[in-house]
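Good morning, colleagues. Please look at the model on the screen while I go through a few of its local features.

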Amino acid sequence: MLVEMLMLAAAPLVIAHRGASGERPEHTIAAYELAIAQGADFIEPDLVPTKDGVLVARHENEIGGTTDVALRPEFADRKRTKTIDGESVTGWFTEDFTLAELKTLRARERLPQLRSTAHDGQYQIPTFAEVLALAKRRGVGVYPETKHPSYFEALGKGFDAPLLADLKAAGFTRSSDPVFIQSFEVGNLERLATKTKLRLVQLVGSATESPADRPGTTYGAMVTPAGLKRISAYAAGIGPEKNLVIPRDTAGALTGPTSLVRDAHAAGLVVHPWTFRAENYFLPAGHRSSADPRGRGDLQAEICAFLKAGVDGVFSDFTGEAVAARKACKP
């Protein structure tokens, strides 16, 4: 199974975005286990460090919205306001908690206005090592993202050493191993390229945005043919915001594909766009089931359009829907 999914000619990958995060609180073992049961090829843990230097799976280091920390009086004095990648953020931050303290917290649904909260309070924050152990046990790949690496570097909490140590301990060191390491920043990927043979993926935001460590360079410039060639010097692929692959018109409907997939393939890069979600709130016009933002529309049809555009994989909160789309839609 793993050999097949590593081949470029194989079926497009289904990457469980934060686990089956449309159906369980994101970045929990329960979300990853459900995604694996639904057929994910890779599970994606976003990584941030604790006060004592352990990598844990959280979308952000601010955890007020994804745990019950705000309800814990013993941690009320940990609330802070910090500047992260140029933005002022107020809340509770993983780097101010030891792993033992974080393990006392319980996960909550990040989007309660759109998704069920029935599983709130049931699951712990997992460590990266725990996610790797699950992936090894169940025979799927891992697709970790380093969150705010330059911010943590400035705090003396660099990602490189603990990230590569956890991966090595799990037996992942080779380019053929089922691992992609991703980041929205550039410098840490360039540095990692000199330290590991594991495949790297340059995440790409909207065209007018810039990497936090490259404020003078837009993502739009990075996905030109010349920019993609530069990325190919250190990375094996790109993870673009999906509108860069198929934009939406003024009414919110999908248009035709851009040249990005073709250009990236010409540079030797795989393309794994994000993020595919089933709620009407996120879907293109024409794929929504109703005006109710919580209602679920035709996610499979949206994914099918991207598979036909030639992408090599998709990040989805709804693993089962993505697996079904891959089966039903032939590029």
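How many disulfides does the count come to? This is a predicted model, in which local features need pLDDT of at least 70, side-chain atom pairs count only at pLDDT 80 or more, and totals for chains, interfaces and linings use all residues. Residues are numbered from 1 along each chain as its sequence is written, and side-chain values use heavy atoms, with hydrogens and water left out.

Taking a disulfide as a pair of cysteine sulfur atoms within 2.5 Å, the count is one. The partners are C304 and C329, with their sulfur atoms 2.0 Å apart. The torsion about their S-S bond is about 70°, so the disulfide is right-handed. It links distant parts of the chain, 25 residues apart: C304 belongs to helix α11 (residues 299-308), and C329 to the segment after α12 (319-328). Helices (H or I, at least four residues) and strands (E, at least two) are DSSP runs, numbered from the N terminus. Both cysteines, C304 and C329, are buried; buried means under 20% relative accessible area, exposed over 50%, and partly exposed in between, with a 1.4 Å probe and protein chains only.

I turn now to the backbone. Most residues other than glycine have a negative phi, and most peptide bonds are trans. R18, however, has phi near 65°, and H27 has phi near 55°. R18 sits in the loop between β1 (13-17) and α2 (29-37), and H27 lies in the loop between β1 and α2. R18 is buried at 6% relative accessible area, and H27 is buried at 0%. Finally, the peptide bond from W274 to T275 is cis, with omega near -15°.
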